[in-house]
Amino acid sequence: IEASHNKNRVEEDRSIAIEAAIVRIMKARKTLKHQQLIAEVLSQLAFFKPQPRVIKKRIEALIDREYLERSSEDQQQYNYLA
């Protein structure tokens, strides 16, 4: 039970770190394409190398919470809202 609790805690901490990196990057850039955002997140979070699909999931969560939006002209581009 302790091992699974720790694993869940690590996953939760990593999710928070990924979201924080996405928000930091987007706050600075305002607009960014998907691949550029993934690349910047990976370079900032080199200490645990998150999978791109996990980063995409966190981007979707930030879109749901209205920190980001997809560009109306280009679905591969995100705009910072907050």
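**Entry 1: Gln35**

I looked up Gln35 and found that this residue counts as exposed because its relative accessibility is 57% (exposed means over 50% relative accessible area, buried under 20% and partly exposed in between, with a 1.4 Å probe and protein chains only). The model is predicted, so I note that local features need pLDDT of at least 70, that side-chain atom pairs count only at pLDDT 80 or more, and that totals for chains, interfaces and linings use all residues. Residues are numbered from 1 along each chain as its sequence is written, and side-chain values use heavy atoms, with hydrogens and water left out.

Gln35 belongs to helix α2 (helices are DSSP runs of H or I with at least four residues, strands are runs of E with at least two, and both are numbered from the N terminus). I also checked Gln35 against Gln76: the two are 41 residues apart in sequence, and their C-alpha atoms are 8.1 Å apart in space.

**Entry 2: the chain overall**

I recorded three helices and three strands for the chain. From the N terminus on, I read the order of elements as α-β-α-α-β-β. The C-alpha trace spans about 50 × 25 × 20 Å along its principal axes. Of the 82 residues, 33% count as buried. For contacts (heavy atoms within 4.5 Å) between residues at least 6 apart in sequence, I noted that 48% join residues at least 24 apart.

**Entry 3: α2 with α3**

I then turned to helix α2 (residues 34–44) and helix α3 (residues 52–64), whose axes come within 11 Å and cross at roughly 110°. The axes are lines fitted to C-alpha atoms, for helices over the stretch in contact, and angles run from 0 to 180 degrees between N-to-C directions. α2 and α3 are therefore roughly perpendicular to each other (65 to 115 degrees; under 35 counts as roughly parallel, over 145 as roughly antiparallel and the rest as oblique).

Which residues meet here? From α2 I listed His34, Leu37, Ile38, Val41 and Leu42, and from α3 Pro52, Ile55, Lys56 and Ile59. The residues of this contact divide into seven nonpolar, one polar and one charged (Ala, Val, Leu, Ile, Met, Phe, Trp, Tyr, Cys and Pro count as nonpolar, Asp, Glu, Lys and Arg as charged, and the others, Gly among them, as polar).

**Entry 4: α1 with α3**

Helix α1 (residues 2–29) packs with α3 at an angle of about 65°, and their axes are 10 Å apart. That makes α1 roughly perpendicular to α3. In this contact I found Ser15, Ile18, Glu19, Ile22 and Val23 of α1 meeting Val54, Ile55, Arg58, Ile59, Ala61 and Leu62 of α3. I counted these residues by class as eight nonpolar, one polar and two charged.

**Entry 5: Asn79**

Is Asn79 buried or exposed? Asn79 is buried, with a relative accessible area of 17%, and I located this residue in strand β3 (residues 77–80). A polar contact of 3.1 Å joins the side chains of Asn79 and Thr31 (a pair of N or O atoms within 3.5 Å; within protein, one must be able to donate a hydrogen and the other to accept it, and residues adjacent in sequence count only if both atoms are side-chain atoms). Setting aside residues up to four places away in sequence, I saw that Asn79 touches several residues, among them Met26, Lys30, Tyr67 and Leu68.

**Entry 6: Glu66**

I placed Glu66 in the loop between α3 and β2 (68–70). Glu66 counts as exposed, at 59% relative accessibility. Neighbours within four places in sequence aside, Glu66 is in contact with Leu81 and Ala82. The C-alpha atoms of Glu66 and Ala82 are separated by 7.2 Å, with the two residues 16 apart along the chain.
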